[in-house]
Each structure stands twice: as C-alpha cells, then as structure tokens.
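Have a look at the model, then read on.

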Amino acid sequence: MLLQFIVNGIVSGSLIAIMAIGFWFIYRATNLFHIAHGAVYTASAYVFYSLYVSKDISLSIALVLSLISSIIFGLVMYFIVYRPLEKKNASAGIKFISSLAIYIFMVNIIALIFGNETKILSEGLSESLSFGNIILTWIQVYQFLSFLILFILTYSFVQGTKSGRAIRAIGDNPVLFKAIGLNERWVKGMVFAIGSAIAGLASILTGIDVGIDPHIGMLALLNAVVAVIIGGIKKIEGIIIGSLLIGILQNLVIWQFSARWESAVTFFILILVLLYKSGGLFVVKKRVEEI
C-alpha cells in the first residue's frame with residue numbers, strides 16, 4: 001500500500017509540475033503573480049469539454065484547438081490588461097488585484113454557461129495496468145510521460161536557446177534588458193503564450209482523469225505556486241523536485257488521515273520553507289551567477 005501511494009504521489013506531482021512549469025515561465029520573465037493563470041487552466045478544460053464531449057470532435061483535434069485557445073486567453077490577458085498597466089507603471093499590488101479580478105470574472109462566466117456540477121471528459125481511458133503490486137491507469141501513464149517530455153523540452157529550451165536566455169535575463173534585470181534594446185514585449189508575450197498552453201495541457205490531463213468543475217483552477221494554481229516557491233524561482237529542476245515532493249506527501253496524508261488534510265500539508269510545507277529557507281529548498285547561493 002505504501003508503494004502504491006508513493007507512485008500515485010509521483011503521478012500527482014507530475015501534474016503539479018506541469019502546472020508549475022507554466023506558472024514559472026510567466027513569473028520568471030515578468031515577476032507577476034498571475035492568479036488568472038488558474039482561469040486559463042479552467043477555461044481550457046471547458047473548451048476541450050465543448051469540443052471533445054459536446055461536439056464529438058476527435059481527441060487530437062480537440063486537444064490542439066484547446067491548447068490554441070489557452071494561448072489566446074493568455075495573450076489577451078497580457079496585451080489587454082497587463083501591458084497597459086505596465087505602461088502606467090502600475091504597482092505589483094494593482095496587477096495582483098487585476099489578475100484576481102480576471103480569475104473571478106472568467107470562473108463566474110464559465111459557471112454561468114456550463115453550471116457548477118462536475119463534467120466528465122472521458123470514460124474510455126480507465127483501463128489499468130499492473131506492475132507487480134502497483135496498479136496504474138492508462139491516463140496516469142500518459143500524465144507522467146507528458147510531464148517527462150515537457151520537462152526535457154523546457155530544460156533544453158531554457159538552457160540551450162537564445163529565447164530561453166532572454167527569459168532568464170529579463171527576469172533577473174529588466175532595466176538592463178530594456179537598456180540594451182532587447183524586445184521586452186515580444187519576450188513577455190512569448191512566456192504568456194507558452195505558460196498558458198502548458199496550463200491548458202495540465203487541465204486537460206487532469207480533467208480526463210477526474211473530471212472538471214468551474215473551481216478546479218484555484219487549487220491547481222496554489223499547488224503550482226507552492227512548488228515554485230519551495231523549489232526556488234530560478235531553478236526549473238528544483239521546481240520539479242518540489243512538485244513531486246508535494247504530490248507524494250499529499251497522497252501519504254490521504255492514505256494515513258483524510259483527503260481533507262491534503263491542502264493543509266501543502267501549506268504547512270510552504271510555511272516551513274518560508275521560515276527556514278525563503279529562497280527555496282534547492283537553491284544554492286553563489287557569489288556570481290551567469291545568465
């Protein structure tokens with residue numbers, strides 16, 4: 001039983017990691033606490049539901065169209081809301097409240113259109129696989145494989161491409177970034193597009209497994225934010241470890257106590273990290289850091 005719950009925790013952590021990577025892209029480049037990221041997560045799942053379940057469009061086409069809609073949601077948020085606020089030199093608090101307002105507005109619109117009841121996205125991927133005493137469903141296998149592929153692609157992109165270096169550079173020193181003439185708007189638009197698409201992927205993978213409702217985005221966002229904080233903002237590999245740690249601990253708490261304690265243990269970990277190592281568990285201080 002212990003091994004089964006640890007494996008389940010790794011799968012849960014992989015979903016947290018996918019959402020955390022999407023949030024990290026946006027936060028790393030903009031230093032914006034993008035609460036509306038949870039709204040993109042929710043909206044993408046409902047676009048997929050409308051296409052795949054209601055319209056009976058094929059899985060692959062519905063997935064691609066849903067991810068495109070995620071990108072559109074993210075870009076609209078940036079260019080219609082955040083970009084004008086940046087031009088007015090709005091404070092971080094104003095941007096945070098604006099982001100929260102977007103989240104509340106979108107969630108209420110979704111609830112108005114689709115209702116508050118849980119929607120089932122798929123009933124055809126529930127077959128299970130056995131590995132000794134460990135049992136996994138096919139969707140859990142797909143979830144973990146999607147996480148592995150995304151992590152490899154993200155790490156290669158951030159470390160090995162000019163665009164990846166630009167994302168890290170603008171997050172570390174935005175004033176210098178603009179001073180040397182680099183395109184700030186292009187980089188920030190890019191991270192909103194990438195991060196939003198990843199949020200859409202996370203919501204669809206989760207929704208196929210457990211269904212969706214209009215309020216799924218906030219819990220997914222909070223888990224992702226905690227993973228980013230405890231893993232360290234600048235290290236994508238630390239965020240992955242933090243996500244897996246959260247997933248495993250949540251499942252062990254469910255096993256030993258109750259699902260009601262799942263969120264409590266997450267924020268208990270966060271408080272401990274903030275008290276004793278505010279930079280993150282996996283951040284190593286260096287005298288000079290090269291971008």
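Which residues line the largest cavity? They are Thr30, Leu32, Tyr78, Tyr82, Glu86, Lys95 and Phe192. Keep in mind that this is a predicted model, where local features need pLDDT of at least 70, side-chain atom pairs count only at pLDDT 80 or more, and totals for chains, interfaces and linings use all residues. Residues are numbered from 1 along each chain as its sequence is written, and side-chain values use heavy atoms, with hydrogens and water left out.

**The cavity**
- The structure holds one cavity of 30 Å³ or more (on a 1 Å grid over the protein atoms alone, a set of points where a 1.4 Å probe fits but cannot get out; lining residues have an atom within 4 Å of a point).
- Its volume is about 30 Å³, counted as the space filled by probe spheres set on the points, which are joined across faces, edges and corners.
- Helix H3 (residues 59–87) gives the most to this lining, three residues; helices are DSSP runs of H or I, at least four residues, numbered from the N terminus.
- By class, the lining of the largest cavity has four nonpolar residues, one polar and two charged (Ala, Val, Leu, Ile, Met, Phe, Trp, Tyr, Cys and Pro count as nonpolar, Asp, Glu, Lys and Arg as charged, and the others, Gly among them, as polar).

**The largest pocket**
- This one has a volume of about 640 Å³; a pocket is an open set of points with protein on both sides within 12 Å along at least five of seven lines.
- Its lining takes in 25 residues, with Leu15, Thr206, Val210, Leu219 and Glu262 nearest the centre.
- H1 gives the most to the lining, six residues.
- You'll find 12 nonpolar, 10 polar and three charged residues in the lining.

**The second largest pocket**
- About 290 Å³ of space lies here, and of the 15 lining residues, Thr30, Glu86, Lys95, Glu184 and Lys188 are the closest to the centre.
- H4 has the largest share of this lining, three residues.
- The lining of the second largest pocket splits into seven nonpolar, three polar and five charged residues.

**The greasy patch**
- Ile61, Val64, Leu65, Ile68, Ile72, Val76, Phe79 and Ile80 make up a nonpolar surface patch, with about 710 Å² of accessible area together (Shrake-Rupley method, 1.4 Å probe, only the protein chains shown as cover).
- Patch residues have over 30% relative accessible area and no salt bridge, and nonpolar side chains are joined within 5 Å; a salt bridge is a side-chain nitrogen of Lys or Arg within 4 Å of a carboxyl oxygen of Asp or Glu.
- Ile72 lies in helix H3.

Methods
Helix = DSSP H or I, 4+ residues; strand = E, 2+ residues; numbered from the N terminus. Patch = residues over 30% accessible without salt bridge, like charges linked within 9 Å, V, L, I, M, F, W, Y side chains within 5 Å.
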